[in-house]
Amino acid sequence: WCSNTKKPQESKFSDLLQDILDQTKIDRIRISSIWPEFLDEKFFEVVKNPRFLPHFHFSIQSFSDNVLKAMNRNYDSKRLDYVLNRIRNLDRPDQDSISIWADIIVWFAWESDEDFKETVEWVKKYGITKLHAFPFSAHDKWESIPAHIFKNQIPFHIKKQRERELIAVWDEVRQEFIEKNKWKKHQVLVEEMKNGKRRWWSGNYIQVELDWEHKRGEIVEINN
């Protein structure tokens, strides 16, 4: 179903998700690394199904139009705003518990202070509960990417300053999300043991450590 295409209109992603619902009995489906330009209206209807966990991980890179254009992305901030609004307002009983993750590349060449601040503000605006923040890299140990030849590379001390600021903002957003989810019912999955305790993950990807006697792979309902 998922053809190798860079043309959003050719994407069959939502059809694949519908087929997973129709042809399997999987009751916990988590979607990761979603590219926002490949989501059609059917996608937002399909993911209303509660078998899709209330957790969506997007490959966003930046919320600045200047940076997205320099990256030659097939979407802009208007598209991101539309997609994240739709996700935040999905018609689901667990709507207020939806977790949004994002891959962000910071310190891309020509990323001004204003561009960076746009990304920071959007992290707060949409309550991004987990950031995979990657510093821009030329990948010079293997095949280099075209942007490595850009002249306006960001100095190291500015990279570190922006890294600290972004992590601090994300940490506040994450803590607010965790507090909001306290005392709510969650179905948690036992995934591993650590320091004598079982590590559990809720559907919206909140980690819980409990010493209950349950085997890996079991799903238990708790009040977080």
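This is a short tour of a predicted model, moving from a pair of strands to a nonpolar core and then to one tyrosine.

Stop 1: Strand 3 covers residues 99-106, and seven of its eight residues are buried.

**Stop 2: the core.** Which members of the largest nonpolar core touch the most other members? Select Ile31, Phe43, Phe56, Phe58 and Ile87; these five do, in a core of 38 residues. Apart from that core lies another, of six residues, including Val188, Val190, Trp200 and Val220.

Return to phenylalanine 58 and display what surrounds it. Beyond its neighbours within four places in sequence, phenylalanine 58 is in contact with several residues, among them Ile34, Leu39, Val83, Ile87 and Ile100. Trp101, Ala102 and Asp103 are also among its contacts.

**Stop 3: tyrosine 82.** Now select residues 77-88, helix 4, and pick out tyrosine 82 within that helix. Is tyrosine 82 buried or partly exposed? Its relative accessible area is 33%, so tyrosine 82 counts as partly exposed: buried would require under 20%.

Next, show the side chain of arginine 86, which makes a polar contact of 2.6 Å with the side chain of tyrosine 82. Setting aside neighbours within four places in sequence, tyrosine 82 is in contact with Glu41 and Phe44. Finally, select proline 36: proline 36 and tyrosine 82 are 46 residues apart in sequence, and their C-alpha atoms are 9.5 Å apart in space.

Key. Residues are numbered from 1 along each chain as its sequence is written. This is a predicted model: local features need pLDDT of at least 70, side-chain atom pairs count only at pLDDT 80 or more; totals for chains, interfaces and linings use all residues. Side-chain values use heavy atoms; hydrogens and water are left out. Buried means under 20% relative accessible area, exposed over 50%, partly exposed in between (1.4 Å probe, protein chains only). Helices (H or I, at least four residues) and strands (E, at least two) are DSSP runs, numbered from the N terminus. Contact means heavy atoms within 4.5 Å. A polar contact is a pair of N or O atoms within 3.5 Å; within protein, one must be able to donate a hydrogen and the other to accept it, and residues adjacent in sequence count only if both atoms are side-chain atoms. A nonpolar core is a set of buried Ala, Val, Leu, Ile, Met, Phe, Trp, Tyr and Cys residues joined through side-chain atoms within 4.5 Å.
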